[in-house]
Amino acid sequence: MKYYSLFVFLFVATITFAQVPEKKESGSTFSSGIGLSMPHSTSRKVSISQKGKMFSFNIPDKGATAYIYESLAFSKYGFIVKKDGKYGIANHNAQIKSKFEYDSIGIENFSKEQLYIVKKNGKYGLMDTLGKLYIKLKYEDIRYKKEGQYYLTLKKNRYGALKYNGQVLMEPKFNRIEFCSSTFPFAFVKNEGGKVNMFDIKNKKLNPLEFDLAVLYNNLIVIKANTKMGAFFIDSLGYTNNKLPIEYDRITPSIPFIQKGKGNPEIITDNSGRKAIEIIVEKDNKFSLINNQAKPMIPEEFDQISARLLFDGGHYYKLKNGAKYGAYFPKTDKMIAVEMDYIEEGLKDALIVKMGQNYGVYSTNAEPIIPLEYHKIETKSFCYQVTKGRKVGLLNNQGRLLVPVQFEGVSDFYDKDDNEYFKVEENGLTGIYRVGTGIIIPTAYDFILRFADNFLVSTKGEQRKQGILDKNGKVIISVENNWIYSSLEPERSITIVERQKGEHYFYNQKWQKILSEPIAEFNFLHDTDNLIFIPEFREIGYLYVQNTKGKVGLLNLQSQQLVIPFEYDAILQKFKNSKTSYLLAIKSGKYGVVNEKNEIIIPFQYDYMNLDLMLEQISEDPNKKVDYRFVAVNKGKFGVVNLENRATVPFEYKQLERVGGEDIFKAKKDHSYILINADNLVLNNGPFDEIGQFEFTDGRNGGKREAMAFQKGQMRMISSKGEIKSLPIAMLPSKGYKSFWELKRALVAALESKDSQSLKEFAVRVSPSAQTLFYFQGTHISTKFQYIQIDNVIDQTFQELLQFKDHTWNDPRFDKSILLHTNDYNKYEEGLLSNYNAVFNGYSKDRFLERLLGECIKINGNWISTYFTFLYK
């Protein structure tokens, strides 16, 4: 089991200064700290060297210069240097560009211009990268404001502003600047009385009009004073010749979909990056619509106007007077009269309207697309469903008839590219209507699904049957089968037909039978973790297939050929390296190993074998063959054999199991385990009551593989070399299930049992244990469930199982086949191994059973339920 933890470190650099004074000034809006810079990259031509408390430049091919600097710090444009208690600057080549005369030097990483903020004798100014003063040392402080891209200045306790290039935007004579920008023509200042004034940056004039707050747009400023609102309209030259007086109850630019603006919403909200095109204004409970020139767009006033989005991304205005509705389309300057009883958005750029009892559809030209003659109109994925009386039909978004209004129900296949075939219903049964042709599949089926370019049809009733019909309604596979579904690999290259229980037929994409004889059972092979994974895209997938005579072969899904004939009792597992697939099989009751060419690798002579936890090994010598080892049983004793069928671990153990991909085994001759390798070398003589699987323990000991070794109620971590790596902890081993199929089979047996003890034991085994919680440490799960009470989880799971057994499982109407007769598959999700039912997309309509079995997880070799996560939400 692998765990993945994601740690995200976020480093945000803003202002870089060369010294760190503590700055706290009364009334100042400046930040209170100055931070030392760090290098922006590791690929600089010149680096920094340090000897003792002194620094020097380290110049490639020349080495370190004299250690004469008290500090050196990387900056965006070179270096900030301190010498003899004063600061100067150097470029990226270590050339000193200014005198050492400043008390501090800082740089703003977000500034557009290459300027340093410098301080000397308590005064601040701006210096360029050549060491020339760009702005004289005359301010008491300077700070860069990233959002407005300007420098905030302080002089004689008054604030001003400089453009990012040093140009004066506002002289320092204001009590407080609430908003300023190098790109917006107006700034906003708060006076001593707490009111806001607008400052014209271009003409350097303060507007005497006082207000409480403002909302800024690219071409509009909406202001509010007390309870009333007004507006200034900004033209392309930055002037405000047009305005609305402060007499409106509400002014709303028609951008209800705009993201929340920046700034302090109690004073200034900055939406200056967006342009207001139309404006809704309200006065004395009447609404009107004006354009961005302050001119009326509709001469009338209404009880309500609201801006609404159309499905094509455009917009319109919904108008209301009394109980009647209308609509205005600014794009076409057309209007639907305010005489409708109902209006809502239809498809693309159209509206569904209602007048009296009739519905219709109007375009943005205010012209009818569908006349007002239907009793109901609903939007589907790309068309309209219309109702007249009790009959329904379909019309497209131009109003053209797709399906006549003569059916009890009609629907599409949720495919915007399929506007030719539709499902229709009559007398509770479904058929297919083809546009321009008519009924091609009669209304005789319980349901119809798209199946590639064809249709899967299913009859109604307990003995329902399924078949495949083509797009003309012609029978491809007769309607006499229990189930029809595609193979589950991404290409879905095979259609599987279950004629009756235990009788399956395979078809290719040309609807030709792949195998001449029926198949009783089939599935993907288990891997070395005893998991079933559906092959990924372009990966060769194999299905084991069993004929009705009980013999098993192997089907290659890509070539659709039977690569191993029906000659085995079973094909159980697959181990694949870069060259060969090793297949564990049973023949005449004996176990052996073959490859995908059906060549015998290990002869069929063993009572038992498995490929559990085998991993591909890479030889350092490309000419040397890797000697894989296989666990086997001969005459009731366990041992290990290699590819040459030579025993490397003698057949002398009562039990032997691989516990690590590095060919590490736990083995017992009596009642206790020891740890050995593939050559029978004892790594740790124990004795142990149990040894868990070796896993990467999430960073502990450098990420090396470790296992949990249990002895007399104590657990200690053990390395792959057999070394004890931790102090003992009081803990008992888990008793979970080794495979999800074993878990599901145990659940069925417990539910079928006459007593409750089996259910209690099942609840214990599928609930978290101390071993489980130990392996949660360091993962995203540990913080969520660190306070789990195991006994409480077991008890609640047991009580739910009892209730499920009494009320659901024993109900004759419950379909037990979902548990008994369907295949389960495995997937990795967020670093955890889980399961899913690919055919039914779930385990039942019962909520508890779905939570119990859906997305179980495998932890340290044991499958447990994630039902406990619902108890601890």
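Modeller: Start with asparagine 91, which counts as buried at 18% relative accessibility. This is a predicted model, so every value is computed from predicted coordinates.

Colleague: Why is asparagine 91 called buried?

Modeller: Buried means under 20% relative accessible area. Asparagine 91 has 18%, so the label applies.

Colleague: Where is asparagine 91 placed?

Modeller: In the loop between β7 (86-90) and β8 (104-108). Leaving out residues up to four places away in sequence, asparagine 91 touches Tyr77, Gly78, Phe79 and Lys97.

Colleague: What makes the pairing of asparagine 91 with the side chain of glutamine 95 a polar contact?

Modeller: The cut-off for a pair of N or O atoms is 3.5 Å. The two side chains make their contact at 2.7 Å. The side chain of asparagine 91 also reaches the backbone nitrogen of asparagine 93, at 2.9 Å.

Colleague: And serine 71: buried or exposed?

Modeller: Buried. Its relative accessible area is 18%, and the limit is under 20%. Serine 71 sits in strand β5 (residues 71-75). Beyond its neighbours within four places in sequence, serine 71 is in contact with Phe55, Ile80, Val81, Lys82 and Tyr87.

Colleague: Now the helices. Which residues of α2 are buried?

Modeller: Leu759, Phe762, Ala763 and Val766.

Colleague: How do you know that the buried residues of α2 line one face of the helix?

Modeller: Look down the axis of α2: its buried residues fall within an arc of 100°, so they line one face. The general rule is that an α-helix has 3.6 residues a turn, so residues three or four places apart point the same way.

Colleague: What covers the buried residues of α2?

Modeller: The cover includes α1, α5, α7 and β75 (862-864).

Colleague: Which residues touch the most other members of the largest nonpolar core?

Modeller: Leu743, Leu747, Phe762, Leu801, Leu849, Leu852 and Leu853, out of 27 residues. At least two residues each come from α1 (740-752), α2 (757-766), α5 (790-809) and α7 (847-853). The largest share is that of α1, with six residues.

Colleague: What does leucine 852 touch?

Modeller: Leaving out residues up to four places away in sequence, leucine 852 touches Leu747, Phe762, Thr797, Leu801, Ser865 and Tyr867. There is also a second, separate core, of 18 residues. Among them are Ile602, Leu611, Tyr628 and Phe630.

Colleague: On to a sheet. What is the strand order in the open sheet of four strands?

Modeller: β12-β13-β14-β15, with antiparallel pairing.

Colleague: What makes β12 and β15 edge strands?

Modeller: Each pairs on one side only; β12 spans 141-145 and β15 spans 168-174. From one strand to the next, the twist averages 20°.

Colleague: How do you know that β13 and β14 pair?

Modeller: Pairing needs at least two bridges. Six bridges join β13 (residues 150-155) to β14 (residues 158-163), so the pair qualifies. The two run antiparallel. Leucine 152 stands opposite alanine 161 in β14.

Colleague: How many helices and strands does the protein chain have?

Modeller: Eight helices and 75 strands. Of its 873 residues, 48% count as buried. Among contacts with a separation of 6 or more, 37% join residues 24 or more positions apart.

Methods. Residues are numbered from 1 along each chain as its sequence is written. This is a predicted model: local features need pLDDT of at least 70, side-chain atom pairs count only at pLDDT 80 or more; totals for chains, interfaces and linings use all residues. Side-chain values use heavy atoms; hydrogens and water are left out. A nonpolar core is a set of buried Ala, Val, Leu, Ile, Met, Phe, Trp, Tyr and Cys residues joined through side-chain atoms within 4.5 Å. Buried means under 20% relative accessible area, exposed over 50%, partly exposed in between (1.4 Å probe, protein chains only). Contact means heavy atoms within 4.5 Å. Axes are lines fitted to C-alpha atoms, for helices over the stretch in contact, and angles run from 0 to 180 degrees between N-to-C directions. The arc is that of the directions from the helix axis to the C-beta atoms. A polar contact is a pair of N or O atoms within 3.5 Å; within protein, one must be able to donate a hydrogen and the other to accept it, and residues adjacent in sequence count only if both atoms are side-chain atoms.
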